[in-house]
Amino acid sequence: MAGRTRTNYDAVVVGSGPNGLSAAIRLAEAGCHVLLIEGRETIGGGLRTAELTLPGFAHDVCATVLGTYLASPYLSKLPLAQYGLEIVQPEIPLAHPFDETDKLSGAAALYRSVERTAEGLGADGDAWQRLMGPFVEEATDLMPGILAPLQLPRHPLLMGRFARAALRSGRGLAQARFAEESARALFAGLAAHSLLPLEKAATAAFGLVLGIAAHAVGWPFARGGSQALANALAAHLRALGGEIVTGMPVERLDQLPAARAVLLDVSPRTMLRIAGDRFPAGYRRRLEQFHYGPGVFKIDWALSEPIPWRSSVCRRAGTLHLGGSLAEISASERAMWQGAVPESPFVLLVQQTLFDPTRAPAGQHTAWAYCHVPHASTADMTEAIEAQVERYAPGFRDCIRARHTFSAIELERYNPNYVGGAITGGAQDVTQLFTRPVARLNPYTTPLDGLYLCSASTPPGGGVHGMCGYFAAETALSRI
């Protein structure tokens, strides 16, 4: 545990995920004396990297693709390269393979170029360009409005155009805009990152935001692992005069040193444990009713060779969506939302070492994947996930040297912010997207003066963008 040098601070931040680090840095930039406290021995939250399988194989424990980091109006502007952060861009951000059951072959590919992506979508190429192109061109103005709490937009006409498409269901938008299965499935895979049934309103927003980010800034990795981003953020915080203490679990507010502001990068459930006895009964009840949504089952592999995809496009892509057609993806996401374990799950897979060989011994490889499962599920999805990979890459199982798995409930034990295995800080449907964790004029405040919530359970929700922490810090600064 790092020692403290002060007995009081302007601000104390609890939790060192991307939002906690973002909040601490913003406060330190404003001249505050800041202490960041982390319960585990290493910082990072969802940005940790560890040897989960075999010595020499570096696996990202949670987040691995950092597209929202580069799209973040705040984190992307920090001088993190001077602290060793190096961004690796795959040749192709995303590929979505098909097989004979989809009555298609090969793979749909999302390239950085909207035009090149459109060329591969046949009759739907023009439709993809009309949908994505204008937003990609204006991404610099669009992203600050999307990655923010509900507020008057700086670019109302642009946000209005985005909202007209984004408020639709992912399935509805895909079927309305595209005539063929390839483009429909490509968009469905993007929308399925929502962990919501694709028939729900506003699931199209997730497909649009992730597609725009892939075109505008890519879906990159941090060289060596996501821990490198956490370490660079921590180094920047220390350079600004901030202090960091690790190995200090916080169970009560009175454990903390005196501070004018306390910001919690924790789940609403953890905030109830830390400060619930001081909250009014009504606020406690509303926090207890917060809906966390489905969880994930995650698997990491140490591989003897690259995954032997049938499609050559897949061998050049950083991220793969494995789920076949729009109908198949929709069925998988609907099942897990209804509490059933999907028989043929939608799988998100990332193959980092094709582009970052530092993560494995020479000539060997890593892969990272997860699927969506019901909340707090204990189901072992290893066989189902590996069957999906084998479906598009025959011989994949022969490449596996070792594997490590996290069930949804095991993910929660590893990181209490992932309640029930929910990696997005809580369900991000229209009832909770802007009112998370409860409906308040300022979602980062609590009924206790000087206590703020800065986790992904506040707007704009999950992702490695740090904007929940940034806006919570701005709120605290306006009141300190």
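## A bridge between β13 and β14

Val 347 has Cys 371 as its bridge partner in β14. Strand β13 covers residues 347-350, and β14 covers residues 365-373. The two run antiparallel, joined by four bridges. Strands pair if DSSP finds at least two bridges between them.

This is a predicted model: local features need pLDDT of at least 70, side-chain atom pairs count only at pLDDT 80 or more, and totals for chains, interfaces and linings use all residues. Residues are numbered from 1 along each chain as its sequence is written, and side-chain values use heavy atoms, without hydrogens and water.

## The seven-stranded sheet

Both strands belong to an open sheet of seven strands. The order is β7-β6-β12-β13-β14-β11-β15, and the pairing is mixed. β7 (107-110) and β15 (400-406) stand at the edges. Each has a single partner strand, so one side of each lacks a neighbour in the sheet.

From one strand to the next, the twist averages 20 degrees. Axes here are lines fitted to C-alpha atoms, and angles run from 0 to 180 degrees between N-to-C directions.

## The whole chain

The protein chain has 16 helices and 16 strands. These are DSSP runs: helices are H or I with at least four residues, strands are E with at least two, numbered from the N terminus.

The radius of gyration, taken over C-alpha atoms, is 21 Å. The C-alpha trace spans about 65 × 50 × 40 Å along its principal axes.

Terms used: Rg over C-alpha atoms; globule rule 2.2 N^0.38 Å.
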